[in-house]
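Dear colleague,

I am passing on the structure we talked about, and it is placed just below. Please look it over before reading the notes that come after it.

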Amino acid sequence: MKKGNWKALFPIVVFLVMYLGLGIVFEYVLKIPMGFYNIPIVVCFLVALLVACLQNRALDFDKKLSLMAAGVGDKNILTMILIFMTAGIFVGVVGRSSAESVAWFLLSIIPARYAVCVLFVVSCFVSLAMGTSVGTITLITPIAVALSDGSGFGVPLLVGSVMSGAMFGDNLSFISDTTIAACNGQGCAMRDKFRANFGIALPAALVTLVILYIRSTGTAAAASVSKDYELIQIIPYLLVLIGGIIGIHVFVVLLLGIVSGSVIMLATGVVHPTELLTNMGSGAAGMYETTMVAILVSAICALIHEYGGFTALLSFIRRIFKSKKGGKLGMGLLVGAMDIATANNTVAIVMANPIAREMAQEYDISPKNAASILDTFSCIFQGIIPYGAQMLVAVSAATELGCEISAFDVMPNLYYPFMLFISSIIFIFLIPEKREK
């Protein structure tokens, strides 16, 4: 076993100082909109990789290159990258119009007094189908503001409902970056992770729905809004969702979604053939940063592992969390801390994956539960922090439509992330171990 070496973790410290430090300066000192997301995260990881390469003079550079190549060439990393690309193409094909159709359809058949609950359910479905919380919030927040204009519901409550639903799907979707990263990082099937994760997420979602119903009861919702929709455009999302749940291989599911989406979008005249190809390319290109982060983090972690950094960190965690249940909580807090530092739940999972894999072996945690814990806790923290992309996009969208709200107006209405945390604690400490087999 390698000897622990805390200095080997210095590249991670360099990245966090650069990314978090510059993000704070951009967002709160220079007042740059979406300040954290103006930081070139790939450049920050490149600097961290350079620092890792300069460490441990006992190894020559060729040996370090071999170690990095082995880390990047891992089967799980390669699979993750290919799924990222395919999922990007799928999202590029189906676009956003089909997601909007779901919202307008439900809002057209359900009384306006249930609008808060409907927005939560719609956001759950849309994010589950699209695999992106930010995309869901971008789509549904304008609808929430429109509903507020025609009813007695406040914008912070409606936006909080949208954000809550968006994080539900981000956590569970088969094509979500977080699911892809967690499953491939821990070496488990997406179906197995979904089943383990669903038992945590569903109770939290149901309790949230009850709370939202109680919050909205007694409010005089006098009107609603309506818009044209095309339900046929929902079919590709349903095929991907159902295919993933019943266990069809993710590449086959995504290919089915791409083909069906292409046929439907062309047949309904939403896009022309050349535009469809352009959208495919744009969708794949949209995964560039996530893919590069996965590659760079894999290279950095390979060096840190060789230098003994993970051994030192695992020894520290072992001293604090001695039981299997404690190990699960420690794993969750680890990825949560990464998310607070990076404000990006996918990056947090990619960074936490190597040490979480060793923790899973140390504490005898199954891959599906390890992946579920990583994804769940990253989404809990990402759904709450006031400087995350989800919150910034929601507040920005509402402000652009004339509603002056702040992140701190919305945060008290984020019931789902808080309920998900409580559900996760119950899962870790109260669910019998035999149910994890």
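This is a predicted model: local features need pLDDT of at least 70, side-chain atom pairs count only at pLDDT 80 or more; totals for chains, interfaces and linings use all residues.

Residues are numbered from 1 along each chain as its sequence is written, and side-chain values use heavy atoms, with hydrogens and water left out.

I begin with helix H9 (residues 177-186), where 10 of its 10 residues are buried, buried meaning under 20% relative accessible area, exposed over 50%, and partly exposed in between, with a 1.4 Å probe and protein chains only. Helices here are DSSP runs (H or I, at least four residues), numbered from the N terminus. Among the buried residues of H9 are Asp-177, Cys-183 and Gln-186, and the buried residues of this helix pack against helix H4 (75-94), helix H8 (155-172), helix H10 (190-216), H14, helix H17 (345-363) and helix H18 (367-382), where contact means heavy atoms within 4.5 Å. After H9 comes Gly-187, with a positive phi near 70 degrees.

Helix H14 (residues 288-307) holds Thr-291, which counts as buried because its relative accessibility is 9%. Apart from neighbours within four places in sequence, Thr-291 is in contact with Ile-81, Phe-84 and Met-85.

Helix H3 (residues 61-72) has 12 residues and spans 16 Å from its first C-alpha to its last, close to the 16 Å expected at 1.5 Å a residue; the expected span is 1.5 Å times one less than the number of residues. Its buried residues are Lys-64, Leu-67, Met-68 and Gly-71, and, seen down the axis of H3, they fall within an arc of 95 degrees, so they line one face of the helix. That arc is taken over the directions from the helix axis to the C-beta atoms.

Two residues other than glycine have a positive phi and may be worth a look. Asn-56, with phi near 55 degrees, lies in the loop between H2 and H3 and is partly exposed, at a relative accessible area of 30%. Asp-364, with phi near 60 degrees, lies in the loop between H17 and H18 and is exposed, at 58%.

On the surface, Leu-238, Ile-242, Ile-245, Ile-246, Ile-248 and Val-252 form a nonpolar patch with about 500 Å² of accessible area together. Such a patch is made of residues with over 30% relative accessible area and no salt bridge, like charges being joined within 9 Å and nonpolar side chains (Val, Leu, Ile, Met, Phe, Trp, Tyr) within 5 Å. A salt bridge is a side-chain nitrogen of Lys or Arg within 4 Å of a carboxyl oxygen of Asp or Glu, and accessible areas come from the Shrake-Rupley method with a 1.4 Å probe, for residues with only the protein chains shown as cover. Helix H11 (residues 235-246) gives the largest share of the patch, four residues, while Ile-248 sits in the loop between H11 and helix H12 (250-267) and is partly exposed, at 37% relative accessible area.

Best wishes
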